[in-house]
Amino acid sequence: MNQAKASAPAKVILFGEHFVVYGGPAILAAINKRISVDARILSHEEDRIIISSDIGVVGEYWHNGDFNPLEGGSKAKAILDPLYEAIIQVLPTRNKKKTGIEVSISSRVPLGIGLGSSAASCVATVAAVNSLFQKNTSRHQVCELAIESERQIHKRTSGADCYVSTFGGLIHYCSKSKDFKNIKANESLSLVVASTGIKHYTSDLVSGVRRFKDRNETLFESLAKQASEICLQAWTAIESGKGDKIGELMNENQIILQQIGVSHHKAQKIIDLCNKAGAIGAKITGAGGGGAVIALAASKMESAKIASQVKAAGYQSFEVEIDYKGLCI
Ligand code: PMV
């Protein structure tokens, strides 16, 4: 096949971020914001890979790894490197190390605020490029290669984002056992995402937490135990449709995230705004240090109210639905 397409959803982390890096559990949901990737073969002899993204960056990589930005200047490399890693993960597995490839990405996911744009683009890129060479691409294989490409950029990635983006839905993920279980929500969750507008670098925040852990071993162990207990209780609360309990557990999880130093005064301001507007629980989602907040509302009407009040206070805010499709090829 000379052309192929794939798309994958963004995500929110409802419980367990950061502790999942150390083998703890996490609960994540894929959300209805997608990244789409078009891949095509330039030629079987051509020695380069061209990657373009609709955020205004284009670059070409030669097979020896040299990079040439074609649009977007100095920021192009940092944005495109994860996608290049995703492509070269696939090529050797398909014995096509020297094939010229062009990949175009279009995204509805805000970048760098904890919604998993990097994982979703790696998943969709691996799937689209692999489909150029193989008819039936396995989701498990895509997920493993996407995690491997993320690992080239964020060494300590838990893999949680790639799992939820590949398989979709609401999942309970454990990085220690590399195992995930689908959670069947008894009631649909009315969720709102709000952005601080502050972009974060996941690997910097993960390193910060590691330093915190090294300096406070006993405290960290106790917080990790609490976070893990919260996840377990949240799983039961979601399956039995106990919204108030889920919200209460989100608030408890936020206190733990504050203690390990990944919250941010702007995130806290948004959490307060969400609570004032009637949220039953709110916390940062993802790595933190700015980024985004996730709030749970009692109904769709309530989530619309929260989103509009947070927006009126000057922050980007929108309701999200859970995406049950995951990777589409
Ligand atoms: O990159 P983000 O903001 O989507 O967060 C990733 C979640 C972490 O737990 C902080 C890191 C990981 O690898 O799970």
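A residue is taken as near a molecule or strand if one of its heavy atoms lies within 4 Å of it. In the predicted model described here, 15 residues surround the ligand, and the closest are Lys11, His18, Ser158, Thr202 and Ala287. Because the model is predicted, local features need pLDDT of at least 70 and side-chain atom pairs count only at pLDDT 80 or more, whereas totals for chains, interfaces and linings use all residues. Residues are numbered from 1 along each chain as its sequence is written, and side-chain values use heavy atoms, with hydrogens and water left out.

By class, the shell around the ligand comprises four nonpolar, eight polar and three charged residues, where Ala, Val, Leu, Ile, Met, Phe, Trp, Tyr, Cys and Pro count as nonpolar, Asp, Glu, Lys and Arg as charged, and the others, Gly among them, as polar. A polar contact is defined as a pair of N or O atoms within 3.5 Å; within protein, one must be able to donate a hydrogen and the other to accept it, and residues adjacent in sequence count only if both atoms are side-chain atoms. Oxygen atoms of the ligand lie 2.5 Å from a polar side-chain atom of threonine 202, 3.1 Å from a polar side-chain atom of aspartate 161, and 2.9 Å from a polar backbone atom of alanine 287. The protein covers 93% of the 380 Å² of accessible area that the ligand has on its own, as computed by the Shrake-Rupley method with a 1.4 Å probe; for residues, only the protein chains shown count as cover.

Helices (H or I, at least four residues) and strands (E, at least two) are DSSP runs, numbered from the N terminus. Histidine 18, one of the closest residues to the ligand, lies in the loop between S1 and S2 and has a positive phi of about 70° although it is not a glycine. Most residues other than glycine have a negative phi. At 5% relative accessibility, histidine 18 counts as buried, a term that means under 20% relative accessible area, with exposed over 50% and partly exposed in between (1.4 Å probe, protein chains only).

Glutamate 17 is placed in the loop between strand S1 (3-15) and strand S2 (25-43) and is likewise buried, with a relative accessible area of 2%. The side chain of glutamate 17 makes a polar contact of 2.9 Å with the side chain of lysine 283, and a polar atom of this side chain lies 2.9 Å from the backbone nitrogen of glycine 286.

Helix H3 (residues 139-153) has 15 residues, which should span 21 Å at 1.5 Å a residue, and the 22 Å between its end C-alpha atoms agrees with this; the expected span is 1.5 Å times one less than the number of residues. Serine 138 caps the N-terminal end of H3, with a side-chain oxygen 3.4 Å from the backbone nitrogen of histidine 140. The buried residues of H3, among them Val142, Leu145 and Ala146, pack against helix H1 (76-93), helix H2 (117-131) and helix H4 (160-167). Within H2, cysteine 122 is buried, with a relative accessible area of 0%. Leaving aside neighbours within four places in sequence, cysteine 122 is in contact (heavy atoms within 4.5 Å) with residues including Ala146, Ser149 and Glu150.
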